[in-house]
Amino acid sequence: MTTQLDPTDLVGMSFWIISAAMVAATFFFWVERDRAVGKWKTSLSVAAMVTGIAAIHYFYMRGVWAETGASPLVYRYVDWLLTVPLQIIEFYLILAAIAVVGAALFWRLMIASVVMLVAGYLGEIDAVNVWGAFIVGMAAWIYIIYEIFVGEASKISAENGTAASKTAFNALRIIVTVGWAIYPLGYVLGYGGAGSPDALNIIYNLADFVNKIAFGVVIWAAATSSSATETA
Ligand SMILES: *C/C=C(C)/C=C/C=C(C)/C=C/C1=C(C)CCCC1(C)C
């Protein structure tokens, strides 16, 4: 058994590269926090927490993959269960900075994200029917999209937002719609037909890169923009 990376193992390399990217992103968001003003500082701290938590899980996931060739499911889902709620908190912080936001909205988004992940986990470990779990996960994700495009969250942003908060909110909802769509695609390619652990992991890894690092960059861009400085 070896923990060395096999030069022909593209999936293993993607674990390695993303580990490095997560560490670099964490450092960047942390240091750049100094340039942000007011409540935006907290948003950058949360962005750094997301990539920092992911970095630790990526170190271990790469090890599981390199040593066993199996999908590191448990580390993957523990990571998601910690980081997805933090990203929901990020949404909430952006809205709470511009308006008085009810706690019910926060809990609806939080519960939907947990339902989505628990369903995916149960499907992936084969505890329940893999496609039944997929449908439940999809329903929860679509509910989140509804909430941020037409529900209360979108109304709060449209009615009370500043230029910087609206830019951040709009970019985050594109990430939750387009960026998050990469995950169910990985699930389908991982479990549909012959099922491919390679496809599953490389697509999930790519998705994490987009949804954790680009997500943070969007927040960083808004937090350090001149409109954020003016309205803080
Ligand atoms: C940092 C990690 C993130 C942003 C993870 C997000 C994960 C998802 C959006 C997963 C979605 C899934 C479905 C929509 C259907 C069921 C299978 C899942 C769990 C892969």
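Close-up 1. At 4% relative accessibility, Tyr 187 counts as buried, a word used for residues under 20% relative accessible area, with exposed meaning over 50% and partly exposed in between (1.4 Å probe, protein chains only). This is a predicted model, in which local features need pLDDT of at least 70 and side-chain atom pairs count only at pLDDT 80 or more, while totals for chains, interfaces and linings use all residues. Residues are numbered from 1 along each chain as its sequence is written, and side-chain values use heavy atoms, with hydrogens and water left out. Rings of Phe, Tyr and Trp (its six-membered ring) pair if their centres lie within 6.5 Å, and planes under 30 degrees apart count as stacked, over 60 as edge-to-face and the rest as tilted; by this rule there are 18 aromatic pairs.

Tyr 60 and Tyr 75 form a tilted pair, at 5.4 Å centre to centre and with 40° between the planes. This pair links distant parts of the chain, with Tyr 60 in helix 2 (residues 40–68) and Tyr 75 in helix 3 (residues 73–96), 15 residues apart, where helices (H or I, at least four residues) are DSSP runs numbered from the N terminus. Tyr 60 is partly exposed, at 48% relative accessibility, and Tyr 75 is partly exposed at 33%. Phe 134 and Tyr 187, by contrast, form a stacked pair, 5.2 Å centre to centre with 25° between the planes. Phe 134 lies in helix 5 (residues 130–149) and Tyr 187 in helix 8 (residues 182–191), 53 residues apart; Phe 134 is buried, with a relative accessible area of 18%.

**Close-up 2. The contact of helix 7 with helix 9.** Helix 7 (residues 163–179) and helix 9 (residues 197–223) pack at an angle of about 170°, with their axes 9 Å apart; axes are lines fitted to C-alpha atoms, for helices over the stretch in contact, and angles run from 0 to 180 degrees between N-to-C directions. Residues of helix 7 including Leu 172 and Ile 175 meet residues of helix 9, among them Phe 215 and Val 218, where contact means heavy atoms within 4.5 Å.

**Close-up 3. Thr 51 in helix 2.** Thr 51 has its place in helix 2 and is buried, at 0% relative accessibility. Leaving aside neighbours within four places in sequence, Thr 51 is in contact with Met 22, Ala 25, Thr 26, Phe 29, Lys 212 and Ile 213. The C-alpha atoms of Thr 51 and Asp 208 are separated by 9.3 Å, although these residues are 157 residues apart along the chain.

Conventions
Helices (H or I, at least four residues) and strands (E, at least two) are DSSP runs, numbered from the N terminus.
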